[in-house]
Amino acid sequence: MLKLPGLIDPHVHIREPGATHKEDWDTATQAALAGGFTTILAMPNTIPPTFDRKTLDLGLASAKEKARCDYAQFLGAGPNNADWDAYPDLPPRAAGLKMYLDSTFGELRLDDMTLWMQHFATFPKHLPIVLHAESRTMAAGILLAEIYDRPVHIAHLSLKEEILVVKAAKEKGIKVTCEVTPHHLFLTGGEGKVRVRPRLTAQKDVDALWDNLEVIDCFATDHAPHTLKEKDSTKSPPGFPGLETALPLLLTALHQSRLTIDDIIEKMYVNPKRIFNLPDQPERWIEVDENASYEIRAADQFTKCGWTPFEGWQVKGRVRRVVLRGKDVYKDGEILAEKGYGLDIRE
Ligand code: NCD
Ligand code: ZN
C-alpha cells in the first residue's frame with residue numbers, strides 16, 4: 001500500500017449554481033474523494049458566473065451545505081469588476097482570479113486588453129491569477145505578468161510551443177507557473193464526443209509535454225462534466241470529467257517509468273499548495289494499492305455526467321482509503337464523509 005498526501009486539484013468545474021443536472025457540489029466532491037483529492041478549487045463559469053459578492057455568496061452557500069471535501073471558489077474576471085481596489089474584501093475569500101482570454105464553455109471571454117491590464121494591476125499580488133490563454137494569447141498573458149510584476153498561472157497548457165515559451169519565461173525569472181491535464185498527456189486529437197478546450201493535440205505536442213515534465217508545475221484535471229446526451233448532441237459542449245481518472249492514469253504511467261512518485265507528489269500536492277497559498281490540512285492522507293489493476297468504467301464513477309473519455313482503459317493503481325482531518329472519508333468504493341464535511345479553505 002502506497003501512502004500519499006491528500007491531493008489538490010486546482011481546476012474543477014462544479015456546475016452549481018446553474019447546471020446541476022451535469023454536476024453539483026455533492027457529486028463533484030464525491031468524485032474528488034474517490035479520485036484521492038481532499039481539496040478542489042472551483043472555476044467561476046457557473047450560471048450566473050461568479051463575478052461579485054452576490055454570486056460568490058451564492059456558490060459558497062451551496063458548497064457549505066453539500067461539499068464533502070475541502071474547497072475554494074475562484075472569482076471570474078469580467079468587464080465590470082476590473083477594479084479590485086473597489087472590493088478589497090472579496091479576493092481574500094476566493095481561490096484566486098480566473099481570466100478567460102480565449103473562447104470556451106460559458107460566456108466569460110474577455111477581449112479588451114485594457115481590461116486585462118486593469119485586472120492585472122488591481123488583483124492582489126499574493127493571490128493567483130489563472131489564465132485560460134492559448135498559444136499567442138498565453139504569451140501576451142506572460143508579458144502582463146512581467147509588466148505588473150505579479151505571478152500568473154497558465155491553465156491546461158497543451159501545445160509544444162506553449163511549454164517551450166513557459167520554459168523560456170521561467171529561465172528569465174518571470175513569475176509564471178502552469179498546469180497540464182491528464183487528457184492532454186494521454187490522448188491525441190479528434191472530433192465528436194472528444195471535444196474539449198483546449199483541443200486535444202498532435203503526438204508531437206503530447207511528446208513535448210512528457211519531454212518537459214520539469215516545466216509542468218501541476219497536474220490539474222479541468223474536470224468539466226457535461227452529460228452523455230449533451231456530448232452526443234450536434235452542439236456537443238467542450239469538456240471532460242477527470243477527477244476519478246487522473247491518479248490511476250498517472251500511477252499507470254508510474255508503472256511504465258514515464259514519471260516518478262515524486263513527480264506525482266510535487267505536481268498534485270506540493271506545488272498547487274504553494275502556488276495557491278493553501279493551508280495545511282491536519283491528519284490528511286490517501287492510501288493507494290499500487291498493484292491493483294482495473295478497467296475504467298463510467299458506471300463505477302461518482303460524477304453525475306455518466307461518461308469518461310477513458311472508458312475501457314486498463315489502469316494499475318487504485319485509491320483504497322482517503323483520510324481527512326482524522327476521519328475516513330472514502331474507503332473501498334464507499335464515500336464516508338457527510339454532506340457539509342468539507343471546509344472552505346479561505347474562511
Ligand atoms: C470547460 C467547461 O466545460 O466548463 N470546458 C473545457 O472544455 N475545458 C471550460 C474551461 O475549462 O474553460
Ligand atoms: Zn476549465
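In this predicted model, strands β2, β3 and β4 form an open three-stranded sheet in the order β2-β3-β4, with parallel pairing; strands are DSSP runs of E of at least two residues, helices are runs of H or I of at least four, and both are numbered from the N terminus. Two strands are taken as paired if DSSP finds at least two bridges between them. The edge strands, each pairing on one side only, are β2 (7-12) and β4 (70-73). From one strand to the next the twist averages 15°. Four bridges join β2 to β3 (residues 37-42) in the parallel sense, and L7 has F37 of β3 as its bridge partner.

Helix α1 (residues 25-34) lies across β3 and β4 and runs at about 135° to β3. Angles run from 0 to 180 degrees between N-to-C directions, with axes as lines fitted to C-alpha atoms, for helices over the stretch in contact. Ten of the ten residues of α1 are buried (under 20% relative accessible area, with exposed meaning over 50% and partly exposed in between; 1.4 Å probe, protein chains only). Among them are W25, D26, Q30 and L33. The buried residues of α1 pack against β3, α2 (53-66), β4, β12 (314-324), β13 (327-331) and β14 (334-335).

The loop between α1 and β3 contains G35, which is buried with a relative accessible area of 0%. Leaving aside neighbours within four places in sequence, G35 is in contact (heavy atoms within 4.5 Å) with L7, L243, E244, L247 and V319. G35 and V319 are 284 residues apart along the chain, and their C-alpha atoms are separated by 6.8 Å.

Grid points are joined across faces, edges and corners, and a volume is the space filled by probe spheres set on the points. The search of the whole structure finds three cavities of 30 Å³ or more. The largest cavity has a volume of about 100 Å³. It is lined by 16 residues, of which H13, T104, R197, D222 and A224 are the closest to its centre. Its lining divides into five nonpolar, eight polar and three charged residues (Ala, Val, Leu, Ile, Met, Phe, Trp, Tyr, Cys and Pro count as nonpolar, Asp, Glu, Lys and Arg as charged, and the others, Gly among them, as polar). The second largest cavity has a volume of about 60 Å³, and its lining includes I8, T39, Y269 and I345.

The largest pocket holds about 310 Å³ of space. Of its 17 lining residues, E244, Y294, D300, R318 and Y330 are the closest to its centre. Strand β12 gives the largest share of this lining, three residues; by class the lining has seven nonpolar, three polar and seven charged residues.

Residues are numbered from 1 along each chain as its sequence is written, and chains are lettered from A and ligands numbered from 1 in the order in which they are written. Local features need pLDDT of at least 70 and side-chain atom pairs count only at pLDDT 80 or more, while totals for chains, interfaces and linings use all residues; side-chain values use heavy atoms, with hydrogens and water left out.

Key
On a 1 Å grid over the protein atoms alone, a cavity is a set of points where a 1.4 Å probe fits but cannot get out, and a pocket is an open set with protein on both sides within 12 Å along at least five of seven lines; lining residues have an atom within 4 Å of a point.
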